[in-house]
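Here are some notes for a colleague who is opening this structure for the first time. Please read the points below with the sequence and the model side by side.

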Amino acid sequence: MIYFHSYKNQGLVLDIVEDIRRMNSQAVYAQNTGMIILGGGLVKHHICNANLMRNGADFAVFVNTAQEFDGSDSGARPDEAKSWGKIKKDANPVKVYAEATLVFPLIVAETFARYFYSDIKQQSPTINQ
């Protein structure tokens, strides 16, 4: 499809190597990095490798249904990424075995709800939790 698109709209350039260079550079020069990876495969591979270039991510959450037994990158647990230096040794990564489209909104909602209610409680000590 990109081939056909390029006839009517010249100028579209896909440079995968430049994309990887930019992603790796963002990780290398970041003060801290964290990974929230929904699913797996190629995206998980490149994000983890970018953090390898900086001696590991500070935080990691993997959400997918892949299992370890088949040897796939998607099924690899966080301790595998730690052993390669993709996650820092002192980090506490988490793998959630669940369908990402179902669980990720719940994780986000809980995170915001926790901080929202803690802020309200600090403002008004009469509110019970």
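1. Is Tyr3 buried or exposed? In this predicted model, Tyr3 has a relative accessibility of 53% and therefore counts as exposed, since the cut-off for that class is over 50%. Tyr3 is found in helix 1, which covers residues 2–8, and together with Met1, Phe4 and Tyr7 this residue forms a nonpolar patch on the surface, with about 600 Å² of accessible area for the four together.

2. Side chains of opposite charge can pair when their charged atoms come close. The count of salt bridges comes to six, and among them are those that link Glu18, Arg21 and Arg22 in a network. Glu18 bridges to Arg21 with the closest N and O atoms 3.2 Å apart, and Glu18 also bridges to Arg22, again with 3.2 Å between the closest N and O atoms.

3. The spacing along helix 2 (residues 16–29) deserves a look, because Arg21 and Glu18 are three residues apart there and so are separated by about one helical turn. Glu18 and Arg22 lie four residues apart in helix 2, which is also about one turn. Glu18 is partly exposed at 25% relative accessible area, whereas Arg21 is exposed at 51% and Arg22 is exposed at 55%.

4. A further salt bridge joins Asp58 to Arg54, with the closest N and O atoms 3.4 Å apart. Asp58 is buried, with a relative accessible area of 15%, and Arg54 counts as buried at 11%.

5. Strand 2 (residues 59–64) pairs with strand 3 (residues 94–97) in the parallel sense over four bridges, and Val61 stands opposite Val94 of strand 3.

Key
Residues numbered from 1 in each chain as written. Predicted model: local features only at pLDDT ≥ 70, side-chain atom pairs only at ≥ 80, totals over all residues. Heavy atoms only, no water. Pairing = 2+ DSSP bridges. Helix = DSSP H or I, 4+ residues; strand = E, 2+ residues; numbered from the N terminus. Patch = residues over 30% accessible without salt bridge, like charges linked within 9 Å, V, L, I, M, F, W, Y side chains within 5 Å. Areas by Shrake-Rupley, 256 points an atom, 1.4 Å probe, with all protein chains shown as cover. Salt bridge = Lys/Arg side-chain N within 4 Å of Asp/Glu carboxyl O. Buried < 20%, exposed > 50% of the residue type's maximum accessible area, 1.4 Å probe, protein only.
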